[in-house]
Every structure is written in structure tokens, then in C-alpha cells.
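Please open the model in your viewer, with a selection panel at hand, and follow the stops below in order.

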Amino acid sequence: MWSFSKIADLVHQSLNHTFSPTLATIIEMVIVGVCVIGLFAVLGLVLVIMERKVSAWIQIRLGPNRVGPKGMFQSLADTVKLLVKEGMTPSGADKFLFNLAPYIALIVAMLLMAPLAFAKDFQMWDLNIGVLYVSAISSVSVISILMAGWSSNNKYSLMGAMRSGAQIVSYELSAGFSVLSVVVLAGSLNLNTIIQSQADGWWIFKGHIPVMISFVIFIIAVTAETNRAPFDLAEAESELTAGFHTEYSGMKFALFFLAEYVNVFIVCAIGATLFLGGWMPFHIGHWDGFNHVMDYIPSSIWFFGKTFFLIFLIMWFRWTFPRLRIDQLLNLEWKYLLPISLFNILLVTAMAILGWYF
Amino acid sequence: MVEEIGTTEEGDLIINVGPQHPATHGVLHLVITLNGETIKKVEPHLGYIHRSIEKMCESLTYRQFIYVTSRMDYLSAHINNHACALCVEKGLDVEIPRRAQVIRVLMDELTRIASHELWWGAMAMDLGAFTPFFHAFRERETINDIMEETCGARLTMNYMVPGGLMADLHPNFQKRVKEFITLYKLKINEYAELVTGNIIFQNRMKGVGYLSAEDAISYGCSGPTARGSGVSCDIRKLYPYEVYDKLEFDEVLETEGDSFARYMVRIGEMNQSIKIIEQLIDNIPDGDFQAKTKVVLKLPKGEFYSRVETARGELGVYIVSEGGTTPYRIKFRSPGFSNLSALDHMARGSKLGDLVAMMGTLDLVIPDIDR
Amino acid sequence: MNNEELKTTITALLPSDTFEEGGEWLNINVEPKDWLPLAQQLRNDASLFFDYLFCLTCIDWKTHLTMVYHLSSTRCRHNIVVKSKLDRSNPEIETVSKIWKTAEFHEREVYEMFGVKFLNHPDLRLLILPDGWEGKKPMLKDFEDAVNMIRL
Amino acid sequence: MFIVKYIKEVFNAVKSLFVGLRRTGYYFTHHKEIITQQYPDNRDTLNLPERFKGEVVMPHNENNEHRCTGCTACELACPNGTIKVITKFDIGTDGKKKKAIDKLVYHLELCTMCNLCIIACPSDAIVMAQTFEHSVFDRAELTKILNNPGSKIMEGVE
């Protein structure tokens with residue numbers, strides 16, 4: 001059975017064999033960087049086509065079906081279109097910040113990739129405070145949005161950015177609390193340890209009702225954090241035309257677009273890691289035969305399967321619900337989600353202390 | 001309108017919504033004064049699609065001018081044509097055959113449903129739900145197919161002419177309308193599932209854009225906009241034309257006066273229209289589809305006014321005739337123009353996101369406002 | 001109320017007006033200076049209660065302009081038409097936008113299309129025509145647009 | 001009770017969301033409900049109703065004869081000046097001069113498909129065709145001459 005970790009080990013050994021350890025590490029870093037960029041591109045293409053197909057089927061349409069087999073290369077054609085388009089900078093804009101903003105959005109998304117465990121023993125950086133790192137870095141993404149909104153010299157952009165600021169700052173809270181509930185149960189901030197703690201069952205099953213509540217809150221909060229409908233107030237095209245990226249065009253717009261999708265992927269990956277056991281296969285009690293079959297499926301497939309399931313959930317929400325109003329959005333957070341998650345974290349802590357989980 | 005761009009002395013933000021904006025469904029231009037997210041003032045600037053139809057009609061004969069009116073409120077083209085035909089018939093003093101009357105009412109009601117379905121989809125899209133738009137088009141397309149078969153066009157039919165109709169019904173008409181009614185009854189529940197019952201949607205609509213009954217009357221609102229405020233103003237009931245006085249249907253009234261009330265009025269009206277169609281579809285009398293009229297129509301000297309209920313409200317056609325073959329002056333009292341004037345009053349003090357909900361429930365069709 | 005009753009009631013309010021009959025609705029001719037007081041009475045009189053101004057327009061008769069107001073009552077369900085003859089060279093009439101708010105938009109439209117000045121109108125600016133429109137008012141009968149006129 | 005009301009509220013709200021999700025989920029999984037028509041591909045099966053108003057044409061029979069007498073009723077009926085009838089005088093079989101059309105010029109770019117000319121025509125010489133793909137690269141192609149070159153009026157049409 002092949003796995004990513006074996007390939008990684010092979011590369012590591014051969015590099016260390018030929019080069020000095022420092023040089024080998026540098027080369028490894030370059031390889032990882034290239035891989036991340038490659039993953040970015042692939043994720044962007046896959047998620048865009050996935051979103052378009054999901055939306056089309058929900059909307060009783062066919063969706064893209066002209067470019068390539070079943071329209072699978074549609075997003076590639078879109079990328080080419082965006083690349084050859086003129087990237088304009090408005091004359092009144094703060095040019096430096098305006099051009100910097102999309103790269104910050106992208107870099108934040110890239111940094112978030114680091115502690116993710118894509119498969120068994122396959123992780124860029126086994127960070128002992130992985131969860132903390134993720135929630136810290138993901139808050140930085142608001143800076144790129146604020147930067148884009150402010151520097152565009154456009155009132156729509158500014159309003160979109162301000163909405164986004166209020167929204168992300170608020171929803172960080174409940175996202176943090178729901179993540180915390182798993183941390184409390186697992187007793188570690190290390191993502192790898194959290195995954196290992198789910199070997200005998202995923203937290204969403206082991207932690208029963210309180211963790212399910214945190215899972216629901218987590219999904220709502222990350223939908224809001226990534227500015228996806230029904231919380232896409234930063235874009236809200238029927239109100240603010242395109243929100244913070246109204247003035248962006250060409251590749252700079254594409255970078256924002258890419259960063260949005262990659263952010264969706266990352267938060268779903270975190271969700272899958274924390275609640276659905278990451279790359280851990282699905283096991284049921286003592287059904288050894290069944291468990292064995294599940295083990296046979298590569299761990300990377302488990303990880304991506306769970307992640308894409310969560311991504312599909314978020315897409316499903318997007319194409320079903322209307323958008324909230326800004327005050328309702330904040331009401332939802334401060335009046336409903338935050339009290340519930342505060343109460344929930346208390347419950348989870350009690351549960352963890354008393355050992356009332358499976 | 002350009003001098004107001006920027007900020008006011010009090011530091012309020014002034015933004016231009018439109019003329020190219022996703023929520024204005026056309027070329028409406030609103031200059032909005034904002035304090036943060038709160039609207040302080042909405043000022044419409046019109047004229048981006050003004051074609052001066054009233055002036056054009058002054059040089060067209062009574063048979064010719066009707067086609068232009070399809071381009072006013074293009075979503076209820078039949079009803080516009082109907083209003084003009086009624087007004088000319090009033091001047092000519094002809095009674096049109098009963099078959100033509102029934103067919104006109106049928107077409108009007110089908111148009112009303114089609115218009116409300118488009119509104120429903122567009123309204124949901126304004127609020128950020130994209131899927132209902134496509135679902136609404138599925139049903140609307142069926143109506144368009146029916147229209148295409150009988151009238152030869154899908155949007156600007158020019159089917160109602162002075163003296164009756166341009167052509168008789170297509171033989172398939174009754175069958176296909178019945179099919180449509182079956183489809184409609186099957187799918188109408190989805191509307192409630194997807195939009196009406198949705199908690200986000202209800203929160204977005206309830207208590208938003210309040211218009212009291214007195215204000216609705218004072219602003220000259222009509223149609224579902226006024227009926228959502230509890231003002232009884234259905235021309236079909238109050239001043240019945242054609243066969244409406246012999247039909248059983250209810251005037252849908254809601255008293256809350258908010259956007260949700262206007263929404264519910266339109267949904268209720270769709271059901272009432274289905275009720276009217278069901279009453280008439282099997283009872284189309286035989287006979288001519290056109291009254292005998294002269295080739296060249298000449299209206300006597302005088303003034304004629306006809307009122308009909310379009311999907312958006314009361315459409316008035318006011319013809320001043322000097323006895324010639326063309327109208328001396330023609331005035332279209334369009335429902336959208338008056339309804340739009342209430343927008344500023346409704347929007348003050350609410351959030352920017354609410355403006356979209358309000359414009360959605362006013363069901364603005366810009367060519368109807370500009371004419 | 002039917003047309004006859006309306007006629008007697010309104011004559012009592014304003015003896016100087018004249019009536020035209022034969023149409024569907026009662027037509028009242030008033031002098032421009034009498035219009036505002038009459039409008040207030042039409043709106044506020046409990047038996048008349050014309051609270052719904054459903055059409056407001058103007059007609060260019062080449063020698064003079066005529067303002068036409070179509071009024072309706074949502075309570076009593078009767079309709080009247082009020083007409084007022086205006087001087088073509090300097091058309092002026094009092095605004096009724098304080099009585100019926102819908103008149104504000106309609107009067108702005110008439111102002112730019114016919115050039116009728118509405119005295120005491122709160123916001124008499126161009127509504128439909130582009131800013132800085134100069135020259136003749138488009139709906140007047142002697143309007144000629146040399147540039148955009150299409151002759152067939 | 002406040003807390004019961006609060007929970008009920010949350011429950012109903014979540015329920016209404018799930019109702020919507022179930023509906024869209026149904027359509028996501030039921031692809032037979034898809035209504036998209038793949039237009040240029042389905043040209044062969046596309047059936048336009050016979051009354052569809054696409055453009056004005058003048059039918060000719062196999063002897064290159066049409067029914068137009070050149071009475072200009074269509075020209076008068078048209079609100080936009082779409083049709084121009086250019087007449088000439090033919091020498092008939094009996095040696096008399098007879099009015100006939102030289103050209104019937106039809107400006108498709110001005111036409112609004114209002115059907116008034118078809119109704120006005122006393123000899124049913126023009127009809128609406130069911131074509132709808134009118135886009136061309138040169139605007140001049142939209143000005144059409146409806147009668148075929150060398151065509152004559154049908155016998156017996158007055």
C-alpha cells in the first residue's frame with residue numbers, strides 16, 4: 001500500500017544521502033513550497049469546477065459542459081482568461097497597498113497549510129501548538145480584506161471591508177470556542193496528537209451531543225469567517241456590487257478568488273481534522289472485518305474525502321440560503337452562537353473532567 | 001447628480017447605487033446618503049431608459065401605438081396592451097365579443113403569474129439566494145411557451161388590439177394551460193420551502209420598509225405595494241373591466257405594511273390568478289375574437305381614461321383626442337413611478353441591506369418607471 | 001357620491017368653477033389661483049375625501065397648457081378630474097405635493113417635460129432629463145430635436 | 001417560559017433551514033429535473049410554434065409568383081417605417097398598364113415583429129417566418145428585398 005509518508009521519507013533519505021543536512025533541508029523547503037503552490041493551483045481549479053457543478057445541479061442547470069470532458073477544464077479556461085486580462089489599478093487608489101492586498105490573502109492561506117496533516121505521517125510542520133497557530137494566522141486574513149477595501153478608494157469596497165472586519169472578528173470567537181472543545185477533550189494543541197486521540201473513534205461520535213453542537217457552531221463560524229454565503233456580506237453583490245474586490249481585475253482578482261477557495265479548503269480540513277478524525281479511517285467498535293477494510297483505504301483519501309464532504313456542505317448552504325443582514329449577522333453571533341458555545345465549552349469541560357465520553 | 005458624489009458636511013457617505021448595479025434590475029440610479037450602514041436619504045434619478053413613449057405615441061395611429069406599450073412594463077406586456085385597447089374601445093364605443101373578453105382575462109392572469117414568478121426569483125436573488133431564480137424561471141418558461149404558441153412572441157406580444165384580439169386561441173391552448181396549472185400546484189410548495197418559510201428570509205423581510213396605509217395612499221401606491229399596507233385598491237374588484245365582475249376571486253390584503261406583507265400579497269395573488277384561470281379555462285365561449293371595427297380608427301374629440309390592474313399596480317391610459325387618427329396627447333400613469341416615490345420614505349433609517357429587500361418588494365421595472 | 005352630488009358639493013365649495021360633463025367622470029375647471037384651496041378642501045372634506053391622486057399630467061394645447069389632476073377617494077370610491085388652464089408663456093401653479101405626496105414626483109416630471117413651474121415645490125429639479133438640459137421642454141408640441149430626430 | 005421559547009425559536013429556525021436544504025438536496029441528486037436546453041446543439045429538434053413571429057417574408061410559388069399587389073397597406077400599417085413598397089407599372093396580358101411591385105424593401109433592423117402588416121395585407125402576400133437567428137456581421141444585410149428577382153404577381157390576385 002503506497003502512502004505519501006513513504007514517498008516523503010524516500011525523498012528525505014536520498015537528499016540527506018547526497019547533500020549536507022542544511023542543504024537538504026533547504027531543498028526540501030523548496031520542494032514543499034513548490035508542492036504547496038501546485039496544490040493551490042489544483043485546489044483552485046477543482047474547487048471552482050466543483051462549486052459550479054454543485055450550483056448548477058442545485059439550480060436545475062447543467063453547468064459548464066463545453067471545455068474538456070464534461071466541462072472539467074472550464075476553470076482552466078477561466079484561469080487563462082483571468083491571466084490575460086488587464087490588471088487595472090484605479091487612479092485614486094493607494095497603489096502599494098492595493099497591489100499588496102491580494103498577495104497577503106494568498107500568503108495567509110499558504111501559511112495555514114503548514115500544520116495540516118494530509119495523510120498518515122505526512123505533514124509539513126508538526127507544530128506542537130498547531131491549533132493555536134491556525135487560529136492565529138487565520139485572523140490575519142482580515143487584514144488583507146481591510147487593506148483591499150481601504151486602498152481601493154471605492155465606497156463599496158470600504159463598506160465591504162468594514163463589514164468583513166466586524167464579521168471575522170466576531171466569528172473568530174465562536175470558532176475558537178468550538179475548536180477549544182476538541183482541544184479540551186484531546187488535551188493537546190498539537191494537530192497530530194488530536195488525530196491520534198481519535199484512533200478509537202472520531203470526536204464527533206466520542207464526544208456525542210456537546211461536540212456535535214460545537215461542530216455545528218464551527219461550520220457556521222467558518223462559513224462566516226471565509227465570507228461565504230449566507231454570510232458573504234463582504235461581497236454581497238446585490239448590495240455592494242462586489243464588496244472589497246470591486247476594483248480588482250485580472251490576476252489580482254484571481255488571487256483573491258483563489259485565496260477564498262483555499263481558505264474554504266483549509267477550514268474544512270481543520271474541521272475534518274478536529275471533529276472527523278483527520279486521516280483516521282472510519283471504525284465501528286468491534287467489527288474487525290469492516291475496520292480492516294476501512295484501514296485498507298489510504299489515509300490521504302480519508303482526509304480529502306472528509307474535507308470535501310465539508311466543502312460540499314458549505315457549498316450546499318451557499319446555494320440554498322439568502323444572505324443575512326449585517327446586524328442580524330452580528331446578532332446571530334453575539335446573541336445565539338456565543339452564549340451557546342460558552343455554555344457548551346463548560347459542558348465539554350465537565351464532560352472531559354468526569355470522563356463522560358466514549 | 002454628479003455634484004453630490006463624496007461625503008456631506010456631516011460626514012455622511014453618499015454612494016451611487018446604479019445605474020449599473022445588480023440590485024436595481026436595470027438602469028435605476030439611486031443616490032443614497034449613508035450614515036455607516038444606515039440610510040438617511042434615497043434620491044432616485046431616472047431617465048436612463050426614457051424613450052418618451054408618450055411623445056412617440058402622438059405620431060402613431062390608434063392601431064399602431066399599442067405595440068410600443070409592450071416595451072413599458074415588459075413583464076406585463078399583455079396587460080399594458082389591454083389597457084390601451086380598452087381605452088381606444090372606450091373612445092370608439094365598441095363592445096368586444098365575449099370570447100375576446102375571456103381570452104383577454106386569461107392572458108392577463110397568465111401574464112400576472114409570469115411576472116410574479118420572475119419577481120419572486122429576482123427578489124430572492126437580491127437577498128442572496130440564487131437558486132430560486134432558476135426554479136421560478138422553470139414555471140415562467142411554461143407560460144412563455146403558451147404565449148408563444150398563441151401570440152407568436154414570448155415577451156412583447158402585441159396580441160390585444162382595439163376591437164378584440166389579433167388572432168384566435170391556438171388549439172393547444174387549453175390543454176397546455178391545464179398542464180401548467182398542474183405543474184404550478186406541484187411546484188408552489190417549493191416556493192414556501194425555499195424562500196417563504198426560511199428563517200433568514202423572514203428576518204430579512206419582516207418589519208423592513210414599513211409603509212402605513214395613509215402613506216401608501218398619499219404616495220399614490222397601487223397594486224401589491226398598497227395592498228401590503230391594507231389599502232384595498234384592486235382595479236379588478238373596484239372598477240371591473242371585461243369579465244372580472246363575474247369571476248370569483250379575492251383581493252389579497254395584508255395589513256402589516258412591511259416587505260413581508262407585500263411579498264405575501266404577491267404570492268397570494270399568484271394563487272388567485274390560478275383560481276381565475278381555472279374558472280375560465282373550460283368556459284371560453286364560442287364566437288368571434290374580434291369586433292367589427294373600421295380599418296382606420298378615429299376617436300371622437302374628447303378624453304378617455306382606462307384603468308387596469310397590472311402585475312405592479314394600477315396602469316392608467318389617458319388619451320386626449322382631437323378627432324384624428326392619432327392621439328393628441330397620451331399619458332401613461334405607470335404604477336412603478338408612483339411606487340418608487342415611496343421608496344425614500346420607506347428606506348430612511350433602515351440598513352443598506354434592507355434597501356435591496358424594499359426595492360425587491362416594490363417590484364420595480366425601470367422601463368415602466370421611465371416610459 | 002355620483003357626479004350630480006359631487007357637482008353640488010363642489011359648487012358649494014368654490015362657486016366660480018365650471019363643469020364639463022359627458023365623460024365618465026366629472027370634470028372641474030378651476031383657475032390656477034383657486035386650485036390650492038380647492039385641493040385642500042377636496043382632500044379634507046369628510047364627504048368628498050379625495051385622498052388618492054392617481055394621475056397628474058399636463059396637455060399642451062398650443063395656445064395654453066392645461067393641468068389635469070385625476071382624483072379618487074379610497075373611502076367613498078368616487079372620482080373627479082380637475083383641470084386648470086395655464087398661460088403658455090409663463091405657466092405657474094401651486095404645488096399640491098404637500099397634500100398628495102405622489103404629486104412631488106409627478107410635478108417634477110411635468111416641470112421638465114412641459115416647463116410648468118410649481119410654486120413652493122420642495123424639490124423642483126430635473127428628474128428624467130439629464131442635468132444641464134437646456135432649451136425647449138420635450139413634450140411641448142413645438143419641440144424639435146434637430147440632432148436626434150429620426151425621420152422616416 | 002423564556003428558555004422554552006428560546007429553544008423553540010432556535011429549533012424552528014433550524015428546521016426551516018433544513019427544509020430548504022432538503023429541497024436543494026433533492027435537486028442536486030435528481031438530475032432528471034434539469035431543464036437546460038443546449039441551444040445550438042438542439043437546432044434539429046427545436047420546434048417553433050407556427051405563429052412565432054420571426055421575420056416578414058413573402059412566399060413565392062414554384063413559378064416564382066407572389067401575391068403582392070403593391071397596395072402599400074403594409075407600409076401604412078407599419079409603425080416604424082419598416083416596409084417600403086416600390087411600385088412599377090407592368091404591361092398586362094391585355095395590353096393595359098397595371099400597377100405592380102418593383103421591390104418590397106423590408107428593414108429587419110427596424111422591425112418589432114408586431115404583426116400589423118400581416119393583418120393589414122388584403123391578399124395575404126406576406127407572412128411571418130419562424131426564423132430567429134438574425135445576427136449578421138454587416139448591417140446592410142438586414143435590409144432585405146422580399147420579392148424574388150424576376151418574380152411576378154400570381155394570376156387572379158387583385
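Begin by selecting residues 96-118 of chain A, whose end C-alpha atoms lie 36 Å apart and whose span is 78% helix and 9% strand, helices being DSSP runs of H or I of at least four residues and strands runs of E of at least two, numbered from the N terminus. This is a predicted model, in which local features need pLDDT of at least 70 and side-chain atom pairs count only at pLDDT 80 or more, while totals for chains, interfaces and linings use all residues. Residues are numbered from 1 along each chain as its sequence is written, and chains are lettered from A and ligands numbered from 1 in the order in which they are written.

Now select helix 9 (residues 208-225) and helix 11 (residues 250-275) of chain A, whose axes come within 10 Å and cross at roughly 170°; the axes are lines fitted to C-alpha atoms over the stretch in contact, and angles run from 0 to 180 degrees between N-to-C directions. Helix 9 of chain A is therefore roughly antiparallel to helix 11 of chain A, a term for angles over 145 degrees. Among the residues making this contact are Phe215(A) and Phe218(A) of helix 9 and Gly271(A) of helix 11, where contact means C-beta atoms, placed from the backbone, within 7 Å.

Finally, show chains A and B together: their contact takes 22 residues from chain A and 27 residues from chain B. On the chain B side, the elements giving two or more residues include strand 2 (13-17) and helix 4 (98-126).

Conventions:
Contact = placed C-beta atoms within 7 Å. Parallel < 35°, antiparallel > 145°, perpendicular 65-115°, else oblique.
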